[in-house]
Amino acid sequence: MKIINDNLLFCSCVIFISACLGSPEKRQSKVNLVDSCKYIKIDHFCVEPKLNLEFNTLIKSYDDTLSLAVCGDYVYYPFGQLTKSSEIATSRLKNFKVINSGRNGELLGIKHNSSMLQLCFTNNSESVTSSYIIGGEINDSDVEFINGIKIGMEISDFYSKLFVDFPPQLYHNFNVIVLESCVNGIRHIYNFHENKLFSVKFECKDCNLRIER
Amino acid sequence: MTIPPSNPRLNPSTFGSSIITRSFSAGSGFRFGFNGKEKENNIVFNEYTFEFRIYNSGLAIFLGIDPLAQKYHMISNYCFASNSPIRFIDGLGMGPGDRVKAARTLLGIPYLQQTEGKAHERTGVTPEALKYVDCSEFVCRVLKADDVTTKVESMATPELKTYLSNKEKFEHTAPEGMPQVGDIALWDGHVGIVSALDIKTGKFKLIHAAGKGKLANENKFTITAKQYRNSTFYGFYRPKVETKDGKDTNRGTTVNNAGKTSNIETNNGSTGKNIPASNDTNTGSSNSSGGSSGNQSQTTQN
């Protein structure tokens, strides 16, 4: 009888100890750790921008406008990096025609159907980038951005280019998505109409060069 | 504020508390102490009445909230001089504030690298010379305005690197280190003045002449050195001995008849928190002085 009691006591201890050791692990496995540094909170949803976007700051996420500051190459070179004007012919902008220029070719105005861009090229060693977009607007579906963005695409596809698993509940919250560069004041303004990308405008806040149309 | 130890009246510690081994008995009617503020012993000992709130030098904190708490939200609203009373002191203290102020007087000037025939315009203080700046000229003018140099030097970034590498005159923080407001941030081919920083990440704002076709600007966001420029980053430099803040920072940066105006933020001396624009993530482009960006937009027509 004593042996049975000892065995029961031993078994009870084993069960108790294993329960104590096991339960924290089980509890821990249910916890989803979120690295808040990588995420933006939009309407109680955590949204993770893609790493290559080099997200910096959520500027605005209300009134139908989502505005982000990003530092990745995409915001400086949405059509690929151009170091000189002759590279346009072999780039994603190959359908564009030069319509005007200034400053000995440093400034170029290029046009394709209803799309137009103003570019500045610089060989200056002190410049932050070798070329940049001063301004312009893309309205044509055959102009494709470097990450696959193009006019007419669905808003869900657009979000998938910039974010990791963008919540579907937020698809219809914003009609205007703004990407602002960390430096140089370049802004991409993506306008959506009926959940499709309608136009993309480019602005450069800190630029002081313009080509007259 | 450096208080001569020979002064028998004032021998406070860096935060203003009395040093136990030293004693002082004020003469009749003398009520002033640390920072020249009136000492109040009626509530708790070692309290000083600053203009906006009471400072307890024993605890090294203010007893009231900073009137500019919203602006300096990243640090305690009760701390004195950002808890760095040697670095930040009062409105008349020594510090890097004039470099930031001087840099802001140059905001809005279009970029142009003036070499060869027009090299003299890199150092002049005429309306023509101040019509354009490049990044190194920008910093050379700031160094002159802060009395770090006696005149506006003509140094491009390689010469600036040599000049700033003088260990007797300048401290250096490695690229991966934490910058300080007022530092000169130097890259291969670029240079600017640190105007604010995120003390958690070491990211910083820069006031700089950003390149061809750009206006000199203060960056809106705190970012890393690599995000400013993808070239070799040499780190941050600052004078070992800072000059006295409160100078006329327009010297070497503006001329009276150039039609420029400056919008200089004043020090927050009265609150005892004297961080000229430091750690302020909201200064951004709102401080754009010069106010001339619109007028200076250039139009080129074929």
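Let's start at one residue: Asp43(A) is exposed, with 11 other C-beta atoms within 10 Å.

Before I go on, some housekeeping. This is a predicted model, where local features need pLDDT of at least 70, side-chain atom pairs count only at pLDDT 80 or more, and totals for chains, interfaces and linings use all residues. Residues are numbered from 1 along each chain as its sequence is written, while chains are lettered from A and ligands numbered from 1 in the order in which they are written.

Back to Asp43(A). Where is Asp43(A) found? In chain A, in the loop between strand E1 (40-42) and strand E2 (45-49). Helices (H or I, at least four residues) and strands (E, at least two) are DSSP runs, numbered from the N terminus. Phi of Asp43(A) is near 50°, a positive value in a residue other than glycine. His44(A) lies in that loop between E1 and E2 of chain A too. Its phi is near 70°, again positive in a residue other than glycine. And His44(A) counts as exposed, with 8 C-beta neighbours inside 10 Å. For background, most residues other than glycine have a negative phi.

Next, the sheet in chain A. It is open, it has nine strands, and the pairing is mixed. The order is E3-E4-E10-E11-E12-E8-E7-E6-E5. Which strands sit at the edges? Strand E3 (55-62) and strand E5 (97-102) of chain A, each pairing on one side only. Two strands pair if DSSP finds at least two bridges between them. On average, neighbouring strands of this sheet are turned by 20° against each other, direction ignored. That angle is between axes, which are lines fitted to C-alpha atoms.

E3(A) and strand E4 (residues 65-70) of chain A run antiparallel, joined by six bridges. Thr57(A) has Ala69(A) in E4(A) as its bridge partner.

Now to strand E12 (residues 196-204) of chain A, which holds Glu203(A). Glu203(A) is partly exposed, with 17 other C-beta atoms within 10 Å. Not counting residues up to four places away in sequence, Glu203(A) touches Gly135(A), Arg187(A) and Ile189(A). Contact here means C-beta atoms, placed from the backbone, within 7 Å. Glu203(A) and Arg187(A) are 16 residues apart in sequence, yet 5.1 Å apart in space, C-alpha to C-alpha.

One helix in chain A: H3, residues 155-162. Its buried residues are Ile155(A), Phe158(A), Tyr159(A) and Leu162(A). They cover an arc of only 95° around the axis, so they are on the same side of H3(A). The arc is that of the directions from the helix axis to the C-beta atoms. What covers these buried residues includes E2, strand E9 (163-164), strand E11 (186-193) and E12 of chain A.

On to chain B. It has four helices and eleven strands. Of its 302 residues, 43% count as buried.

The largest nonpolar core has 96 residues. A nonpolar core is a set of buried Ala, Val, Leu, Ile, Met, Phe, Trp, Tyr and Cys residues joined through C-beta atoms within 7 Å. Those with the most contacts inside it are Val139(B), Ile184(B), Leu186(B), Ile193(B) and Ala216(B). Helix H2 (residues 135-145) of chain B gives the most to this core, with seven residues. A second, separate core of six residues includes Phe34(B), Phe62(B), Phe80(B) and Ala81(B).

Helix H3 (residues 157-164) of chain B has Thr157(B), Leu160(B) and Leu164(B) buried. Those residues fall within an arc of 55° seen down the axis, so they line one face of H3(B). The face turned away from them carries the exposed Pro158(B) and Thr162(B). The buried residues of H3(B) pack against H2, strand E5 (170-173), strand E6 (184-187), strand E7 (190-197) and strand E10 (233-239) of chain B.

Last, confidence. The model scores ipTM 0.74 and pTM 0.66. Chain B averages a pLDDT of 71, and 62% of the residues score at least 70. pLDDT is the predictor's confidence in each residue, from 0 to 100. It stays under 50 over residues 1-10 of chain B. Where pLDDT is low, the predicted coordinates should not be read in detail.

How values were computed:
Buried ≥ 20, exposed ≤ 12 C-beta atoms within 10 Å, placed from the backbone. Contact = placed C-beta atoms within 7 Å. Axes fitted to C-alpha atoms, helices over the stretch in contact; angles between N-to-C directions.
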